[in-house]
Amino acid sequence: MPADLRPLKVAQATTQLLRAKHLKQQPAWLAAVVRTPPATDFVRKPLPRFEGEEGVTRAPLPSSSRLRKAKLYRASRITYAEDRLRRRFFKDHPWELARPINLVENDGADHAHCDWSRLQQPGRPLTGESVVQHQHWLMKEGGIDEETAYRTAVKEFSRLRMREAVERKIAVEEALTFDARFYKTELELGIEHEDAVLRRWVAKVKAARQLINPQMMVEDTDEAEAEAGAAGTGAGAVDGAGADKDSASLP
């Protein structure tokens, strides 16, 4: 099927309509389309690759013998220096990923407005990203190797986490001193709701089984009564033996 080239002639057709006075006013888009006409080459070409960008490295293209058409138009892989640091920290501290974080930012580059010479930032919660940025600052501005910078940042991070835990514990004790009442957490409420749903489900299953096979429910009831009776007999025997022993020990 041949390519439809009619959209490429929109500017030319509009100009002819203006000259013939079929259009009273020039469209606002006409000047822009005339200055930058649509491309007539529909063959997709790979985007140019720029080397030497600060903080950005691009994976090299494979050799021509291994280059396939399917891989030709894939986006190039872009990696940053912080990616390796971030991967190592969260591998050593996986539970930090379970902490809730705020994804809302002002301009998309809030980390660039912080002074990462220190780990704790005013008005910003302590997260794993703080460790990554502080370690990157130590390596770039402090001239420290990656291993030393990582150990320094993690040590400071652990100290701040312990201080937060102590402050939280003291706050709870102070609140209890003034007769504060702590309600159930969302996790506890969720577990209670789940247990209630399971209990209702078990009741429905038992009712359905009774409708399908009433004899099965009778057998289950007999087994439960037999087990309860055996447990009661065993407890009675133990109590009787204890009573005999106590009576035997009396003069």
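Residues are numbered from 1 along each chain as its sequence is written, and side-chain values use heavy atoms, with hydrogens and water left out. Because this is a predicted model, local features need pLDDT of at least 70 and side-chain atom pairs count only at pLDDT 80 or more, while totals for chains, interfaces and linings use all residues.

Colleague: Which pattern does the protein follow when it is read along the sequence?

Modeller: Helices (H or I, at least four residues) and strands (E, at least two) are taken as DSSP runs, numbered from the N terminus. On that basis the protein has eight helices and two strands. Read along the sequence, they give the pattern α-α-β-α-β-α-α-α-α-α.

Colleague: What percentage of the residues in the protein is buried?

Modeller: A residue is called buried under 20% relative accessible area, exposed over 50%, and partly exposed in between, using a 1.4 Å probe and protein chains only. The protein has 251 residues, and the buried share of them is 14%.

Colleague: Among contacts between residues at least 6 apart in sequence, what share joins residues at least 24 apart?

Modeller: Contact here means heavy atoms within 4.5 Å. Among the contacts in the protein that join residues at least 6 apart in sequence, the share joining residues at least 24 apart is 45%.

Colleague: How far apart are the end C-alpha atoms of helix H6?

Modeller: The expected span of a helix is 1.5 Å times one less than its number of residues. Helix H6 covers residues 146-177, so its 32 residues should span 46 Å.

Colleague: Against which helices do the buried residues of H6 pack?

Modeller: The buried residues of H6 are Ala149, Tyr150, Ala153, Val154, Phe157, Leu160 and Arg161. Their packing partners are helix H4 (81-92) and H5.

Colleague: Why does H4 count as oblique to H5, and what is the handedness of the crossing of H4 and H5?

Modeller: Axes are lines fitted to C-alpha atoms, for helices over the stretch in contact, with angles running from 0 to 180 degrees between N-to-C directions. The axes of H4 and H5 come within 9 Å and cross at roughly 130°. That angle makes H4 oblique to H5, because angles under 35 degrees count as roughly parallel, over 145 as roughly antiparallel, 65 to 115 as roughly perpendicular and the rest as oblique. A crossing is left-handed if the near helix is turned anticlockwise from the far one by less than a right angle, and right-handed if clockwise, and the crossing of H4 and H5 is right-handed.

Colleague: With which side chain does the side chain of glutamine 133 make a polar contact?

Modeller: Glutamine 133 lies in helix H5 (residues 128-140) and is buried, with a relative accessible area of 8%. Leaving aside neighbours within four places in sequence, glutamine 133 is in contact with Glu82, Arg86, His111 and Trp116. A polar contact is a pair of N or O atoms within 3.5 Å; within protein, one must be able to donate a hydrogen and the other to accept it, and residues adjacent in sequence count only if both atoms are side-chain atoms. At 2.9 Å, the side chain of glutamine 133 makes such a contact with the side chain of glutamate 129.

Colleague: Is histidine 134 buried or exposed?

Modeller: Histidine 134 also has its place in helix H5. Leaving aside neighbours within four places in sequence, it is in contact with Trp116, Ser117, Arg118, Leu119 and Ala153. At 6% relative accessibility, histidine 134 counts as buried.

Colleague: What is the phi of aspartate 179?

Modeller: Aspartate 179 lies in the loop between H6 and helix H7 (186-212), and is exposed, with a relative accessible area of 60%. Most residues other than glycine have a negative phi. In aspartate 179, however, phi is positive, near 60°.
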